[in-house]
Each structure stands twice: as C-alpha cells, then as structure tokens.
Amino acid sequence: MRKSYYQKLALMVTLLTVLLVYQKYTSHEKEPFPEVTFISDASISANLSDFDPNTLDKEQWLKLGFSEKQTATILKYKDILGGKFSSKEQLKKCYAISEDKFSELAAFILLPETAEKKDPKGFTTRGKKEILISGKFNPDQFSSQDWLKMGFSEKQAEAIIKYKNYLGGSFISKEKFKECFIISPENYSKLEPYLLLPAKTPENFRNFTKNNTVKSGIQYHPFDPNQLDLEGWKVLGFSEKQAATIINYRDRNLRGSFKSLDDLQKCFVISAEKFQEMKPYIKLQEKQQEKTDFSKTDLNTITFKQLIEFGLDERSAGSVIGFRNKLGGFMNKQQILSTYNIDQDLVQKLISIAPLNTSNVPRYSLVEAPEEWLKNHPYFKYSADKIIFYRISNPDDKKIWKLLKLKPEYEGRMKLYIK
C-alpha cells in the first residue's frame with residue numbers, strides 16, 4: 001500500500017519537473033516583429049529626359065529609381081490595362097508609384113494628362129485617337145510610317161505628307177504646320193511643344209509657293225472634273241486609289257457629276273491645299289446630259305451612271321456592276337437576272353433592250369487557268385483547290401471534269417468561262 005503511494009508521488013514529481021522545464025524553454029518573450037520600412041524613392045537624375053512609359057522595359061524602370069518589386073508591379077499593371085498607359089492620370093493610379101515619386105516624374109512623362117473621353121455607348125469619339133509623342137522631332141524628317149506610329153490613320157499620314165510636298169518638301173514653320181487641315185487644334189496643341197520648327201513663316205515664303213506647282217512636276221491646264229477618267233485624275237497628281245475614290249464619289253454620291261466647286265472640295269481625298277492648287281483650272285461646264293441609247297449600250301460596259309439613268313436605284317446598280325466585275329463580264333443575260341438585290345422587272349426590261357458583247361470576257365481551259373482567277377471567280381472558287389491539284393497529274397480538261405464530279409448546273413455555269 002505504502003509502496004503504491006510513493007510510486008504515484010514520484011510520478012507526479014516527474015510530471016511537474018517536465019512541465020517546469022517545458023515552461024522554461026517556451027516562456028521566452030517573443031522577439032519583436034521587425035519594423036517594416038518602405039523603400040524610399042530614389043531621386044531623379046538631373047539628366048533625366050522626356051520618356052514614354054509605354055516603351056520602358058524592366059531595366060529602364062529600375063534606372064528611374066524603382067525596386068524590382070515595384071517595377072514588376074508597374075509592368076503587370078500596364079498589362080492589365082491592355083498593354084498601354086493612356087494618360088498620366090492612369091499611370092498615377094498604379095499603387096507602386098508614390099505621390100512624391102509621381103510628382104518628380106510627371107513633367108517628363110510623354111502622355112496626355114487625362115484619357116480621351118468616350119461616348120455613353122463606350123466608343124471613343126471619332127477623330128480623337130490618342131497621339132503618342134516620344135520627344136522633340138522635326139516633322140520634315142517624318143515618313144508616313146512615323147506618322148502612323150504616332151497615332152494618325154493611314155489616310156491622315158498620307159495627307160500630311162502630301163501637304164508637306166505641296167509646301168515644297170518642308171513645313172517651313174509651326175505656323176504653316178498648324179494650317180494642315182488634317183491636324184486638329186487639339187492634336188496641334190499636343191504636338192506644338194515638341195516641334196523643331198521656327199515659330200513664324202519667313203516673309204519670302206509666298207514667292208516660293210507661287211512656283212510650287214512647277215516644282216511639283218504637275219502642269220495644270222483647264223479641265224472639267226466631270227469629264228476626267230481614272231488616268232485624267234492621275235495626271236493631276238492623285239494615286240490610282242485616290243482617283244478611283246474621286247470617280248466613285250462623283251458617280252455614286254453625286255449621281256454622276258459635280259454641280260459646284262463646293263461638291264469637289266468636299267471629296268475627302270482632295271486636301272484643302274490640293275483644291276486651292278487646282279481651283280484656277282477647274283471649269284465646270286453646264287450642259288444638258290445626253291440621253292443614253294440603251295439599244296446600243298453593251299451590258300458588259302454599261303456604267304453605274306447609265307444604270308441609274310435607266311431607272312435602277314443605287315443598290316441595284318451597284319449589285320449589277322459588282323457582280324459583273326467579279327465574273328470578269330457576263331456571258332449571258334440570265335446571269336444579270338441572278339444578281340442579288342436588284343429590281344427584277346427593270347433589269348428584265350433592260351436586258352431585253354441592250355445588247356451583250358462577250359468577246360472581251362476572260363476565258364481559260366482548266367489546265368491553263370491562273371490560280372488567282374480560279375480562287376476569286378464566283379463559279380470556280382469552291383472547286384479551285386481540287387482543279388489545281390488534279391491538273392498536276394491529269395493535265396487534261398476532260399479528265400479533270402470527271403474527277404470533279406460536279407452537279408450539272410454547277411458544271412454548266414463554269415463552262416461558260418471555259419474556252
């Protein structure tokens with residue numbers, strides 16, 4: 001009995017000893033949490049120049065005094081925004097950039113103060129595309145690609161270059177640069193501080209512009225813009241694409257003729273400078289429109305203007321001309337009736353009167369047909385790849401027709417263009 005009592009007592013003493021030892025080693029005061037200190041922004045180098053934050057890589061952000069973590073945060077924030085900061089205001093919102101740091105950098109950041117406004121539907125206002133400027137520049141040295149990179153559209157870039165050429169290959173001054181109609185007052189105010197041009201135009205500039213048309217290589221003669229074809233507009237200094245646009249504008253938008261100088265001036269591919277250059281030579285002749293004799297008008301050469309004259313609306317006339325261009329020409333009159341979006345009754349009346357000359361319509365054998373023609377022709381494009389494949393090992397039209405296994409109606413219309 002006594003032995004059992006002492007055993008229990010010894011066990012309790014042992015447990016208490018263990019507990020005291022455990023408490024001794026675990027009751028030390030916790031070490032204080034290290035004080036958190038933030039990396040202070042490095043001061044900007046006195047040699048810091050203007051920069052576009054959209055073009056900076058990791059190393060360049062580090063050189064501005066940011067830590068690696070801050071740099072990683074800034075770059076990640078830019079990616080979240082779609083890969084580009086649109087304004088200083090947007091950059092400022094990045095939490096890795098303190099207010100003090102931003103205030104140091106703000107004067108050097110080549111971004112607008114605020115992002116461009118959007119309409120209620122979420123679309124940016126037309127003509128207010130953001131212009132990005134990387135530093136001071138001489139616009140005389142800028143190519144079309146340089147203007148595109150800055151944020152101007154292809155047509156705007158082309159117009160700016162043409163305006164420079166009109167001035168004789170130099171913008172001369174900020175004053176003259178401002179007169180370029182394609183550059184809005186808002187964009188000019190952004191560009192002006194960066195332009196490496198004299199502020200005022202030299203007094204002798206007017207004498208220079210008098211001879212500008214001679215220097216540009218264009219010799220003007222009196223002309224009627226309603227009589228000019230594609231080549232006629234190209235002679236006046238327009239590209240083939242511009243000439244086609246002017247003719248399309250005249251024939252479709254103005255129903256065949258410029259009624260006034262104002263009509264011509266409104267054509268967007270004719271700059272204000274080009275119009276002033278041509279104006280003294282423009283002779284709009286008022287004459288009665290001769291009526292078309294449709295019994296002698298070939299359906300493969302009939303114009304949009306003549307179709308309108310016959311009574312078709314613009315949609316029908318455009319469809320007929322468009323389908324004819326894709327085919328390379330009509331081979332029979334029923335093809336015209338199969339055109340989409342046309343007035344069937346009027347077209348039926350037209351084809352009953354007008355002749356159809358097919359002598360100039362391109363026709364090929366399956367073996368010789370150009371690949372581009374096969375792939376673009378409405379009747380052949382769905383079988384083009386097969387034809388090109390089959391004719392490699394079977395250079396014979398009869399064998400290729402058998403291999404194609406087409407429906408009779410498809411084969412029939414394709415054979416209209418096979419010689």
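Trainee: Where is the place of I172?
Mentor: I172 sits in the loop between α7 (154–166) and α8 (174–178). Bear in mind that this is a predicted model.

Trainee: What is the phi of I172?
Mentor: I172 is not a glycine, yet its phi is positive, about 70°. As background, most residues other than glycine have a negative phi.

Trainee: And what about K405, what is its phi?
Mentor: K405 has a positive phi too, near 50°, and it is not a glycine either. The loop that holds K405 runs between α22 (397–404) and α23 (408–414).

Trainee: Is K405 buried or exposed?
Mentor: K405 is exposed, because its relative accessible area is 72% and the cut-off for exposed is over 50%.

Trainee: Back to α7. What should its 13 residues span?
Mentor: They should span 18 Å at 1.5 Å a residue, and the end C-alpha atoms of α7 are 18 Å apart, so the two agree.

Trainee: Which residues in α7 are buried?
Mentor: A157, A159, I160, I161, Y163 and K164 are buried there.

Trainee: What do the buried residues of α7 pack against?
Mentor: They pack against α6 (144–150), α8 and α15 (272–278). Just after α7 comes G168, with a positive phi of about 105°.

Trainee: Switching to rings. How many aromatic pairs does a search of the whole structure find?
Mentor: The search finds 20 aromatic pairs. Take F177 and Y188: their ring centres are 6.3 Å apart and their planes are at 40°, so this pair counts as tilted. The pair links distant parts of the chain, with F177 in helix α8 and Y188 in helix α9 (residues 185–191), 11 residues apart.

Trainee: Is F177 buried or exposed?
Mentor: F177 is buried, because its relative accessibility is 0%. Y188 counts as buried as well, at 11% relative accessibility.

Trainee: Which residues form one aromatic cluster with F177 and Y188?
Mentor: The cluster also takes in F137, F142, W147, F152, Y163 and F171. Y163 is one of the buried residues in α7.

Trainee: What sits over the ring of F238?
Mentor: The charged end of K274 does, 5.4 Å from the ring centre. In another case K415 lies over the face of W401, at 5.0 Å from the ring centre.

Trainee: How many disulfides does the structure hold?
Mentor: The structure holds zero disulfides. As for cysteines, C94 is buried at 2% relative accessibility, and C180 is buried at 1%.

Trainee: Now Q90. Which helix is it in?
Mentor: Q90 is in helix α4, residues 88–92. A polar atom of the Q90 side chain lies 2.7 Å from the backbone nitrogen of S86.

Trainee: What else is Q90 in contact with, leaving aside its neighbours within four places in sequence?
Mentor: Q90 is in contact with Y77, L81, K84 and F85.

Trainee: Where is the place of E89?
Mentor: E89 is in helix α4 as well. E89 is partly exposed, with a relative accessible area of 40%.

Trainee: How are the C-alpha atoms of E89 and T114 separated?
Mentor: By 5.5 Å, although E89 and T114 are 25 residues apart along the chain.

Terms used:
Residues numbered from 1 in each chain as written. Predicted model: local features only at pLDDT ≥ 70, side-chain atom pairs only at ≥ 80, totals over all residues. Heavy atoms only, no water. Helix = DSSP H or I, 4+ residues; strand = E, 2+ residues; numbered from the N terminus. Polar contact = N/O pair within 3.5 Å; in protein donor to acceptor, adjacent residues only side chain to side chain. Contact = heavy atoms within 4.5 Å. Buried < 20%, exposed > 50% of the residue type's maximum accessible area, 1.4 Å probe, protein only. Phe/Tyr/Trp six-rings, centres within 6.5 Å; stacked < 30°, edge-to-face > 60°. Lys NZ or Arg CZ within 6 Å of the ring centre and 35° of its normal. Expected span 1.5 Å × (residues − 1). Disulfide = S-S within 2.5 Å.
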